[in-house]
Amino acid sequence: MTDGVGPDARRPTPDHDWWREGVLYQIYPRSFQDHDGDGVGDLRGIIDRLDHLAGGPESLGVDGIWLSPFYRSPMADFGYDVSDYCDVDPVFGTLADFDDLVREAHARGLRIVVDLVPNHTSDQHPWFQESRADRTNPKRDWYVWADPKPDGSPPNNWTSAFTRRQTSAWTLEPTTGQYYHHSFLPEQPDLNWWSPEVRDAFDGILRFWLDRGVDGFRIDVAHRMARDPALGDNPDYGLAPDELLRTWTDETAPRDQDWPEVHAILRGFRTTLDAYDGRMAIGEVFILDPARLVRYYGDDDELHLAFNFSFLRAPWSAAAFRAEVETFERLLPPGAWPDYTLSNHDNPRAVSRYAPDGDLQRGRRRARVGALMLLTLRGTPFLYYGEEIGLADSVVPADRVVDVAGRDPARAPMAWEAAPAAGFTTGDPWLPLSADHSIVNVAAQRQDPRSSLAFHRELLRLRRSSPALRGGRYATIGGLPEDVFAYRRDAGSEGWVVLLNFGEAAVDIELGPDLADGRLVLSTDPDRPTGRVVGPRISLDADEGWLVRR
Ligand code: GLC
């Protein structure tokens, strides 16, 4: 019940700002829906399932999708190793399928954001094949080549992000006697963005997809594209690379990430995007220091949005999330817009991550509290496929592990119905399904008003119909018990209060007189009666959140 906010409330921002108030949904194409029966999801499969997302009476009601890479790739990193940026890998379909997907999505009012992987290519990309062949060929400086140290060791101490496979970010190319740099796998050589030709090539790639009608780009590792041209060593903190990330400050910035030139590259992308109407870029900026993160918005001339990984990685605590939100709100440059996400293809799913001692029932209750937060904060929310049904990580036995960095469990196929392979494929799914897929699936939850799907659909409907929730002001409500994160969202005379209990126990809350006359519109607990005036004294259960209309 929306309490007077009509479903056709006028959108307050013009269409070219759709990304500010829309909700985006990430699809990992290998795992959403398989159309051709080979066990791997594909573009036609996504088209088959678009009604789940938008355009129909039973749809979830999101505004856009972000597709992880579907380009030609040897799949050493499942598509994040691209061998042709302007074609579709046969496992996913064809360019004609992509064009159909854009048309079908747009017909339902869904925007399409595609993944751009500019930091590195596949080692099978013709550019790298040429570059590695000899020291004098024209594409030599499209990649980062350097001589060994006198003792034959790598040029410096930079480390690869995939340390399970190899620690050094350098691999020796025997033919030419030089090392090449790779922030990730040796099969993913880094491009040299100091080369104007590389910049031109990517400008062409952006235009190729913009001309095909895409609405935006998610830019892979946007903070890594430039690095110290002198190839100086990073300081040695005696820490593992993962730990190093947490310590980033101005003084300790590594030389292979967050190098100042990266901002010029992003300004170049922005110039290209701005020549088209209504297009956007969101960057994967894996920088956990928010003061450095917000620089990627530039002066409204770099990224439109930068993913906030420190929010995603916050521990399950009211204080932690409150601090993340307040810091982001405080540091963003004027006019810049926040964004939030709780799950993606690189991290354990929220349901599993928040499950105390692996208790998935509690994990699911907490995930609803997380969803209420995600979808009512001021900023663009990103949902990860399956999040709407409370999909958990799957259990991947050792002989089925395929990812280099242990991320398979979060990439399990979508669960559509209680059928073999959960309706995902008629073949053998490329990864094991989530264990409880026969219960936790879309078809079962469509019938059940108490389901996670019903909860998400209702929350998205409320959000869509409310200017305050989509674009209104944010203000923390202070003075409440420490396990409660609470805030207001206001626009004009419309106001909402969100109350989230992150604690292990029920909590009593005294509401000020200005909040006591609000009505409970939605609780994360489907058994909680809604519609009533909340009154001055309320009690939230453990793992419960409320959305209150004032
Ligand atoms: C990004 C992607 C991740 C990929 C890596 C290398 O972090 O999200 O999946 O492995 O870049 O491209």
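**Close-up views of a predicted model: domains and helix pairs**

**View 1. Domain 1 and domain 2.** The centres of domain 1 and domain 2, taken over C-alpha atoms, lie 29 Å apart. The model is predicted: local features need pLDDT of at least 70 and side-chain atom pairs pLDDT 80 or more, while totals for chains, interfaces and linings use all residues. Residues are numbered from 1 along each chain as its sequence is written, and side-chain values use heavy atoms, without hydrogens and water. Domain 1 covers 18–121 + 195–464 and domain 2 covers 470–549, with bounds from an automatic or database domain assignment. In domain 1, 28 residues are in contact (heavy atoms within 4.5 Å) with 27 residues of domain 2. About 2600 Å² is buried between domain 1 and domain 2, 62% of it on carbon and sulfur atoms; buried area is the accessible area (1.4 Å probe) that two parts lose on being put together, summed over both.

**View 2. Helix 13 and helix 15.** Helix 13 (residues 360–374) packs against helix 15 (residues 452–464) at an angle of about 15 degrees, the axes being 11 Å apart. Helix 13 is therefore roughly parallel to helix 15 (an angle under 35 degrees). Axes are lines fitted to C-alpha atoms over the stretch in contact, and angles run from 0 to 180 degrees between N-to-C directions. Helices are DSSP runs (H or I, at least four residues), numbered from the N terminus. Arg-368, Ala-371 and Leu-372 of helix 13 meet Ser-452, Phe-455, His-456 and Leu-459 of helix 15 in the contact.

**View 3. Helix 6 and helix 8.** The axes of helix 6 (residues 196–211) and helix 8 (residues 261–274) cross at roughly 35 degrees and come within 10 Å. Among the contact residues are Phe-202 and Leu-206 of helix 6 and Ile-265 and Phe-269 of helix 8.

Definitions and conventions
Helices (H or I, at least four residues) and strands (E, at least two) are DSSP runs, numbered from the N terminus. Angles under 35 degrees count as roughly parallel, over 145 as roughly antiparallel, 65 to 115 as roughly perpendicular and the rest as oblique.
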